[in-house]
Amino acid sequence: MDRSSYSRSRRIPAVVQVNREIGRSVTGGLTNYKEKMPLQWGPTGYDRETGWVPGFQFDVADMFDLYEIDHVFLAAHFGLGDGTVGYNGSTWNRLGEIAPYKTSSHRFTTDTRIEIGKGLPVTDRFMITPTIVGGYWSWNRDVQGSDNVRSSGEAYGGFKAGITVRLDYAVTDAFVLRGRLGWTELLGSRMDATGTNGTFHLRPRPEWTAALDFDYRISHSIHFIAGVQYVYYSFGRSQSIFQLSGANAGLFLMEPSSWTSGVTMHSGLAYAF
């Protein structure tokens, strides 16, 4: 591992420096989740969750030379969201009666990713960095009940693997615009629901992301970072599981297909090394 090409002169190109930082940001995310019921019952055919969720994210990245390979890129990301959103769905009973139901839902999410890639300088001010991505995600939802409807909880989780292309353009030596386009496949996705028997395994589907950030150097080591990200992903319908006990004993249950889109904004500080 070699950093000598930069350390002797102390002049690190801005598009390299932004990839050698440890950053912490606060986040605010607008999420829109839609779950398609296996049958359509007029206006109650979909369950929806929509709302703003606060959180934070932590990022660390390094770019270095490794033997004869220059601009090797390593990065890790952890994001967390925790808040309450609105629920607009439906309820049903064993007689098959369906009714609209509106309430709130607690949403807790985590997103953990690691990346490895190589920076490809186009000019001194523009760099393209393709990477391979792997990670793990989780989502816990708790839909609040009422006098006639029980509360319900679901825990989702799974792995992701794919590719990302990072684009860094230095407008000045202190101000860098950063773009990111990504595709990952959601693998091994599962859901466990309170009061049910068995784990629902969701069919794999892709996740698409697009982000635009900026990095402004306040001092040699302190940078202000901010940006916005759009994400879209879906889950395929699970298998049916026969319920041996509980309130749904004697029934086959399944987790239907769903779609989620969201916009997350972040701002914070980074330490450049």
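Both K160 and D111 are buried, where buried denotes under 20% relative accessible area, exposed over 50%, and partly exposed the range in between (1.4 Å probe, protein chains only). The model is a predicted one, in which local features need pLDDT of at least 70 and side-chain atom pairs count only at pLDDT 80 or more, whereas totals for chains, interfaces and linings use all residues. Residues are numbered from 1 along each chain as its sequence is written, and side-chain values use heavy atoms, with hydrogens and water left out.

K160 and D111 are joined by a salt bridge whose closest N and O atoms are 3.0 Å apart; a salt bridge is defined as a side-chain nitrogen of Lys or Arg within 4 Å of a carboxyl oxygen of Asp or Glu. This pair links distant parts of the chain, with K160 in strand β7 (residues 152-170) and D111 in strand β4 (residues 98-118), 49 residues apart. Helices (H or I, at least four residues) and strands (E, at least two) are DSSP runs, numbered from the N terminus. The side chain of K160 also meets that of E207 in a salt bridge, at 3.1 Å from N to O. Here strand β7, holding K160, is linked to strand β10, holding E207, across 47 residues. The relative accessible area is 6% for K160 and 11% for E207, which is likewise buried.

In total, the structure holds 11 salt bridges. Among them is the pair R141 and E49, with the closest N and O atoms 2.6 Å apart. R141 lies in strand β6 (residues 126-143) and E49 in strand β2, so the pair ties together parts that are 92 residues apart in sequence. R141 counts as buried at 4% relative accessibility, and E49 is buried with a relative accessible area of 1%.

Strand β2 (residues 46-66) also contains P54. P54 is partly exposed, its relative accessible area being 48%. Its C-alpha atom is separated by 7.7 Å from that of V26, a residue 28 positions away along the chain. Beyond its neighbours within four places in sequence, P54 is in contact with T27, G28, L80, G81, D82 and G83, contact being heavy atoms within 4.5 Å.

Strand β10 (residues 205-217) includes R205, which is partly exposed with a relative accessible area of 30%.
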